[in-house]
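Thanks, everyone, for making the time.

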Amino acid sequence: MTTRVTLRRAAAAFVAALLALQSVSIAVAHSPDPPISWPLFEADDVLQFRWMEGELPPLRMRDAVVAAAAGAAASVVSRAPTLRFAAGGKSTVEYGANVFCGVAGLACADGWHAPDHFHVAFRTHGYQFDWGRLWWCQLQSTITNGCYDVENVALDEFGHILGLGHHVNYSDESDYLDAVVQTISRARPKAGWDADEFARCDVAKLQLRYDMVNTARKYSTCLDLATALSLAVTDTSIRIGDTVTFTATVKVADLAGYERLRANPVSERKVVLERRLPGSVSWTTVATMPASALASGTYQINVSPTVTYEWRGYFLKPTDEGLRASSSAPFVVTVSGCASQPCPQVSVRSTQQEAER
Amino acid sequence: MTTSARRAHEVLVLAIGLAVGACTAAGPPTASMLPPPPSPSAVAAVATPAATATEADASVAPATPAAVSDAPLAVLVVGAERHPGEVGGFTFGRYSQSAPWLPATALDSIRVPADAELRVELDDRATIDGWVARLATSADVTADAVTGLAEGGGAVVAFNAPVPGDWVVSVTITYGDGLGSGAYFWHLIVE
């Protein structure tokens with residue numbers, strides 16, 4: 001009975017925490033790429049492209065485009081589709097002067113027919129624009145400054161295909177390297193000219209749009225996602241010597257702006273169990289809660305308290321990903337006298353240790 | 001002749017082409033693989049490039065590329081004058097385009113007084129959700145030293161001319177309704 005009440009309280013606290021977070025949005029100061037306006041391809045899909053008949057890119061450009069597809073697949077860190085060359089692919093990559101790009105475009109993309117197929121086009125090596133002549137680095141016998149890296153530009157176009165708009169940079173563009181999908185393309189040797197994998201703010205939007213591969217994968221540091229931690233205990237009124245089990249559950253907050261990431265369980269992170277004497281202010285860490293096999297995003301530990309304490313779980317902000325810290329609503333576990341003297345000392349055992357005994 | 005100056009000519013060429021095409025068309029095209037019909041500003045004839053084939057695989061581009069990818073047009077309003085901007089990289093509707101920082105040599109120069117208020121307006125294909133104005137000197141053709149000039153989150157793009165000098169000003173506009181964004185360029189000689 002006590003257990004059920006505690007679990008209900010924990011659930012209520014969890015909901016309250018989520019409601020409190022409703023006004024929280026994704027990081028404003030530095031945001032993921034915006035979405036592009038065309039439809040999305042399906043998560044986990046394989047998008048096969050071929051070279052357009054009569055518009056075949058030179059061999060070294062083809063190699064670079066295929067490498068860009070591999071670079072994209074290696075760096076999406078999400079369930080975003082992968083791109084792959086296949087002779088019979090539905091989608092096309094073309095090369096020519098008469099491609100569908102606008103007057104200043106060195107390359108362009110059309111994903112309007114997602115989730116069925118897409119088109120990507122590259123202007124010809126040596127094409128004369130108002131802004132200058134286009135040189136592709138891979139097609140030069142000696143690479144010169146001012147050339148454009150096919151792999152980098154292809155990655156930008158593939159980013160569009162996967163649903164990314166151009167990253168919104170700071171006005172001084174000091175954050176240019178946080179995204180490959182950029183409004184202004186850079187030529188050699190300007191920083192970022194040869195980036196061959198998606199950067200953190202590209203990845204952030206791909207994660208938002210397509211979800212994570214599993215609950216243990218890291219969230220891009222371009223995100224700033226609120227988390228929600230709930231804590232439950234098997235009994236809130238015990239005698240000295242009794243053992244109770246604390247179960248923490250960590251999730252990404254359930255907010256609309258979090259798209260596919262909302263309410264995702266968060267596994268294999270660091271969650272600690274904390275206690276304090278009722279009425280005191282500061283918390284003391286009791287132990288790190290080991291991951292539980294119970295369900296994704298759960299952490300569990302067995303404790304034998306000898307004193308009445310308030311308890312809470314605390315999820316520490318990871319230093320290498322875009323998740324915020326969170327703590328559970330506190331609750332009291334009341335401990336009454338022990339049956340035999342001397343009373344046992346406090347001990348902490350994880351469920352795993354318990355199982356090993 | 002820069003692109004904007006060329007556009008009026010191109011619209012005429014396009015109109016003639018469409019009229020001729022209407023007389024000679026022989027059956028409907030296959031719809032799925034064809035681009036949509038170009039808008040009047042989706043230009044036809046661009047440059048007549050003559051690539052010097054000094055580098056491997058260099059090819060000469062034909063004189064009549066059929067560009068269809070297009071963004072809303074932007075004009076810089078200075079007092080009573082309206083100056084069309086050149087669009088570089090953009091995403092709009094079904095297309096995205098990669099382009100570099102457009103150098104002064106690709107732009108018509110506009111003389112403006114130092115205290116002028118500059119406004120940017122779009123055509124009726126898009127509204128404005130936000131904008132960032134940046135500038136680099138005209139000599140800095142790859143914008144190695146780009147700096148922020150002004151930015152705003154509303155539909156009105158208005159800012160003061162930079163200090164006297166020879167500048168390329170870029171305004172990146174985020175279109176309303178999630179339609180994308182585009183970078184527009186002007187060559188300003190601020191007196």
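Chain B has a mean pLDDT of 75, with 64% of its residues reaching 70 or more, and please keep in mind throughout that this is a predicted model. Over residues 1-67 of chain B the pLDDT stays under 50, and for that stretch the model has 91 contacts beyond four places in sequence. The scores for the model are ipTM 0.84 and pTM 0.82.

Let me move to chain A, where helix α2, residues 59-75, and helix α3, residues 150-161, have axes that come within 8 Å and cross at roughly 50°. The two helices α2(A) and α3(A) are therefore oblique to each other, and α2(A) passes α3(A) in a right-handed crossing. Which residues in α2(A) and α3(A) meet? On the α2(A) side they include A:Met61, A:Val65 and A:Gly71, and on the α3(A) side they include A:Glu151, A:Leu155 and A:Phe158. By class, this contact of α2(A) with α3(A) has 11 nonpolar residues, 1 polar and 1 charged.

Back in chain B, 4 strands form an open sheet in the order β2-β1-β6-β9, with antiparallel pairing. Strands β2 (81-84) and β9 (157-160) of chain B stand at the edges, each with a single partner strand, so one side of each has no neighbour in the sheet. From one strand to the next, the twist averages 25°. Looking at one of these pairings, β6 of chain B, residues 117-122, runs antiparallel to β9(B) and is joined to β9(B) by 4 bridges, and B:Glu117 has B:Asn160 in β9(B) as its bridge partner.

Conventions. Residues are numbered from 1 along each chain as its sequence is written. Chains are lettered from A and ligands numbered from 1 in the order in which they are written. This is a predicted model: local features need pLDDT of at least 70, side-chain atom pairs count only at pLDDT 80 or more; totals for chains, interfaces and linings use all residues. pLDDT is the predictor's confidence in each residue, from 0 to 100. Two residues are in contact if their C-beta atoms, placed from the backbone, lie within 7 Å. Axes are lines fitted to C-alpha atoms, for helices over the stretch in contact, and angles run from 0 to 180 degrees between N-to-C directions. Angles under 35 degrees count as roughly parallel, over 145 as roughly antiparallel, 65 to 115 as roughly perpendicular and the rest as oblique. A crossing is left-handed if the near helix is turned anticlockwise from the far one by less than a right angle, and right-handed if clockwise. Ala, Val, Leu, Ile, Met, Phe, Trp, Tyr, Cys and Pro count as nonpolar, Asp, Glu, Lys and Arg as charged, and the others, Gly among them, as polar. Two strands pair if DSSP finds at least two bridges between them.
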